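Okay, thanks for coming, everyone.

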Amino acid sequence: MGLKSLIIGTTSLSAAILLATAPAAWAETSFAFGTLSADTQDHVTVFMDADGALSGAADEVNDKTEGRLEQAIEDAGFKGKFGKSIQLYGMAPFTSVTVIGTGDEDLSVRQLRDLGGHVAGASDNDASLSVMIDDLNTDVEVAAAQIAMGYKLGSYSFTKYKTDHKDVDRTVAFHSDDTDEAKSLFDSDLGHVAKGVYFARDMGTEPGKSMYPEKFAQDVRALFRGVANVRVDVLDLDDMERRNMGALIGVGQGSVHDPRLVVVSYTGAARTDAPIALVGKGITFDTGGISLKPNTGQWLMKSDLSGAAAVAGAVYSVAKRGADVNVVGVMAMAENMPASDAIRPGDVLETMSGKTIEVMSTDAEGRLVLSDAVTYVQEEYDPRLLIDIATLTGSAARALGDDYGAVVTRDWELSQHMMHIGKAAGEDVWPLPLNDNHYSAIKSDIADIKSTAGSPGASIGGAVIGTFIDEDRPWVHLDIAGVDWLDKGIPTTPKGHAGWGVRFLDAVVRDLEAEE
């Protein structure tokens with residue numbers, strides 16, 4: 001799904017709505033930015049804080065209704081609680097007026113984006129909309145752009161296979177006193193993050209029948225086509241065999257679709273600068289292999305490529321905004337299927353590093369493909385920080401639910417820093433332990449290590465991956481098995497595939513970029 005915005009500059013609000021009635025080249029929501037005015041509007045959204053007062057543009061809208069808006073709010077008992085909304089009709093000259101509560105606290109970037117998501121949830125998606133943004137209780141600059149990003153994230157839908165879906169051309173116009181700055185920030189930065197999230201959600205929602213390693217590689221190539229300072233390389237089976245990637249090959253050998261290693265490198269700084277490495281698990285469908293999963297919920301294993309999808313989306317957002325940093329994204333793609341030539345429990349796989357892994361369960365395949373991927377990126381790129389991201393274990397999901405991604409690392413201070421970044425980015429993480437006992441537990445009687453060793457599963461999985469990470473290299477393992485798919489939506493993430501990790505990884509890169 002592409003991302004487009006209409007160039008309005010400093011046009012009036014009425015001009016923005018005029019543009020909304022023109023035929024669009026694509027049947028999807030277009031984004032526009034205009035100056036504040038309550039003239040000639042149709043569907044309008046305004047904000048109200050917890051004191052119940054209508055100020056700024058909201059007060060002007062109320063005046064246009066000759067006070068009926070304020071009276072309707074009072075009659076409904078609406079109190080302006082954060083994220084709550086009320087949609088009012090018969091507010092002539094407006095067709096509808098939606099009021100969104102902003103609460104009584106200073107609004108952070110995360111809360112502004114959540115407000116945008118609440119606007120999306122409360123709006124009529126068949127009609128163009130004007131969102132009036134002023135007098136918000138926030139110190140964040142260019143709040144309109146943050147709200148627009150939240151709206152974009154919250155309005156995602158996957159309709160590719162719905163035969164009764166009707167495309168509707170509409171424009172959502174965000175109006176503020178900093179029109180030029182809002183448009184610039186959204187078009188040059190935040191909109192790219194949103195498109196990266198959309199890509200990840202699309203990849204994780206697509207059925208396994210139509211999403212396999214080579215197709216994922218093709219879609220990544222298409223995503224980055226024309227993006228400056230980016231190179232995309234795809235390692236096929238022959239390339240992997242030459243590098244002795246026995247773990248990645250082993251996981252994929254039961255499928256009719258050969259595995260792939262997709263590598264996207266972005267050079268935004270001096271070529272001699274060590275990059276940040278983002279490594280994602282990309283199992284396009286996970287049956288469990290010979291250790292077959294039960295049927296219950298197995299359909300969801302189409303989203304077992306969530307880590308790889310997040311890596312692609314994050315590198316896209318970094319490259320499109322032209323960040324002054326080098327980043328390499330590595331996506332280990334395979335389909336885990338049972339077949340006559342599939343790997344078995346008890347098999348021993350030789351990895352690119354030369355270390356061997358005894359396979360205890362073929363359903364613990366993510367750590368296998370990542371073992372070769374992290375070895376590859378260390379040998380080829382020598383990154384200054386390595387983050388791997390994977391839907392790795394049910395253990396992480398049981399421990400942290402859908403509130404937090406799990407952080408496993410050898411550095412407690414780094415864990416805490418990741419928590420701070422996640423809170424600001426809107427994708428929270430929480431640390432789980434990793435110590436010598438976990439490494440001792442995975443010692444094998446016949447190989448260097450074994451792939452599983454009981455509880456605690458998330459930490460054991462981290463220890464397996466950690467075995468292949470240089471001891472002096474900063475490293476973070478993200479287990480997102482509990483957060484990649486939501487059964488109930490939140491403001492910036494509708495029900496379904498969350499695209500979790502794009503915003504988090506993008507925020508990590510921003511943090512390191514700011515240190516330079």
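**Cavities and a valine**

Let's start with the lining of the largest cavity: sorted by class, that's seven polar residues, three nonpolar and two charged. Keep in mind as we go that this is a predicted model.

So which residues line the largest cavity? You've got His43, Thr45, Gln87, Ser96, Thr98, Ala122, Ser123, Asp124, Ala127, Ser128, Leu129 and Arg170. Two strands, β2 (43-48) and β4 (96-101), each put at least two residues into that lining. As for volume, the largest cavity comes out at about 50 Å³.

How many cavities of 30 Å³ or more does the structure hold? Two. If you want to find it on screen, look for Gly250, Val251, Gly254, Gly289, Ile290, Asn336, Met337, Ala342, Ile343 and Thr362.

Now, one residue I'd like to show you is valine 131, which sits in strand β5 (residues 129-132). Buried or exposed? Valine 131 has a relative accessible area of 0%, so we call it buried.

What does valine 131 touch, leaving out residues up to four places away in sequence? The contacts are Thr45, Phe47, Val119, Val172, Ala173, Phe174 and His175.

Last one: valine 131 and alanine 144 are 13 residues apart in sequence, and their C-alpha atoms are 9.0 Å apart in space.

Methods
Residues are numbered from 1 along each chain as its sequence is written. This is a predicted model: local features need pLDDT of at least 70, side-chain atom pairs count only at pLDDT 80 or more; totals for chains, interfaces and linings use all residues. Side-chain values use heavy atoms; hydrogens and water are left out. On a 1 Å grid over the protein atoms alone, a cavity is a set of points where a 1.4 Å probe fits but cannot get out, and a pocket is an open set with protein on both sides within 12 Å along at least five of seven lines; lining residues have an atom within 4 Å of a point. Grid points are joined across faces, edges and corners, and a volume is the space filled by probe spheres set on the points. Helices (H or I, at least four residues) and strands (E, at least two) are DSSP runs, numbered from the N terminus. Ala, Val, Leu, Ile, Met, Phe, Trp, Tyr, Cys and Pro count as nonpolar, Asp, Glu, Lys and Arg as charged, and the others, Gly among them, as polar. Buried means under 20% relative accessible area, exposed over 50%, partly exposed in between (1.4 Å probe, protein chains only). Contact means heavy atoms within 4.5 Å.
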